Amino acid sequence: MLYAQVVLPLAQPMYTFSFDEGLAVGVGDAVVVQFGSSRFYTGIVWSISPTKPDYPRIKPILRKLYSAPLLSPEAQRLWEWMAEYYMCTIGEVMRMAL
């Protein structure tokens with residue numbers, strides 16, 4: 001089991017979701033996740049870790065959307081810079097960029 005930090009198009013911090021290695025999810029990939037009890041969002045995988053976070057419940061990534069990553073490492077660095085410069089979350093930058 002692997003764990004991904006996923007950016008959602010919300011004014012919130014990144015959230016952690018789990019996935020099996022068979023799903024072949026990588027950094028920059030667009031994925032579908034369930035947020036709350038009935039909302040589904042498209043998010044972008046920001047980072048991946050094999051270490052289980054200290055949360056009581058972690059929801060799984062439901063599916064990968066595209067065969068190629070949606071976000072390059074250069075674009076990821078640009079989004080981080082924009083979030084810092086404009087004092088907003090990366091999710092807010094995602095909403096405006098896409």
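## Met-94 and helix H2

In this predicted model, Met-94 sits in helix H2, which covers residues 90-97. Is Met-94 buried or exposed? Its relative accessible area is 5%. Buried means under 20%, so Met-94 counts as buried.

Now compare Met-94 with Ser-18. The two are 76 residues apart in sequence. In space, their C-alpha atoms are 21 Å apart.

## The salt bridge

How many salt bridges does the structure hold? There is 1. Its partners are Lys-64 and Asp-29. The closest N and O atoms of this pair are 3.5 Å apart. The pair links distant parts of the chain, 35 residues apart. Lys-64 belongs to strand E5, residues 61-64. Asp-29 lies in the loop between E2 and E3. Side chains of opposite charge can pair when their charged atoms come close.

The two partners can also be described by their accessibility. Lys-64 has a relative accessible area of 25% and is partly exposed. Asp-29 has a relative accessibility of 3%, so Asp-29 counts as buried.

## The largest pocket

The largest pocket has a volume of about 210 Å³. Which residues line it? From one stretch of the sequence come Met-14, Tyr-15, Thr-16 and Phe-17. Gln-34, Phe-35 and Gly-36 also line the pocket. Tyr-55, Arg-57, Ile-58 and Lys-59 complete the list.

Strand E2 (15-19) and strand E3 (30-35) each supply at least two of the lining residues. Strand E2 gives the largest share, 3 residues. By type, the lining of the largest pocket divides into 6 nonpolar, 3 polar and 2 charged residues.

## A nonpolar patch on the surface

Which residues form a nonpolar patch on the surface? They are Leu-78, Trp-81, Tyr-85 and Tyr-86. Together they have about 510 Å² of accessible area.

Take Leu-78 as one of these residues. Leu-78 is placed in helix H1, which spans residues 73-85. The relative accessible area of Leu-78 is 45%. Exposed means over 50% and buried means under 20%, so Leu-78 is partly exposed.

Notes. Residues are numbered from 1 along each chain as its sequence is written. This is a predicted model: local features need pLDDT of at least 70, side-chain atom pairs count only at pLDDT 80 or more; totals for chains, interfaces and linings use all residues. Side-chain values use heavy atoms; hydrogens and water are left out. On a 1 Å grid over the protein atoms alone, a cavity is a set of points where a 1.4 Å probe fits but cannot get out, and a pocket is an open set with protein on both sides within 12 Å along at least five of seven lines; lining residues have an atom within 4 Å of a point. Grid points are joined across faces, edges and corners, and a volume is the space filled by probe spheres set on the points. Helices (H or I, at least four residues) and strands (E, at least two) are DSSP runs, numbered from the N terminus. Ala, Val, Leu, Ile, Met, Phe, Trp, Tyr, Cys and Pro count as nonpolar, Asp, Glu, Lys and Arg as charged, and the others, Gly among them, as polar. Patches are made of residues with over 30% relative accessible area and no salt bridge: like charges are joined within 9 Å, nonpolar side chains (Val, Leu, Ile, Met, Phe, Trp, Tyr) within 5 Å. Accessible areas come from the Shrake-Rupley method with a 1.4 Å probe; for residues, only the protein chains shown count as cover. A salt bridge is a side-chain nitrogen of Lys or Arg within 4 Å of a carboxyl oxygen of Asp or Glu. Buried means under 20% relative accessible area, exposed over 50%, partly exposed in between (1.4 Å probe, protein chains only).
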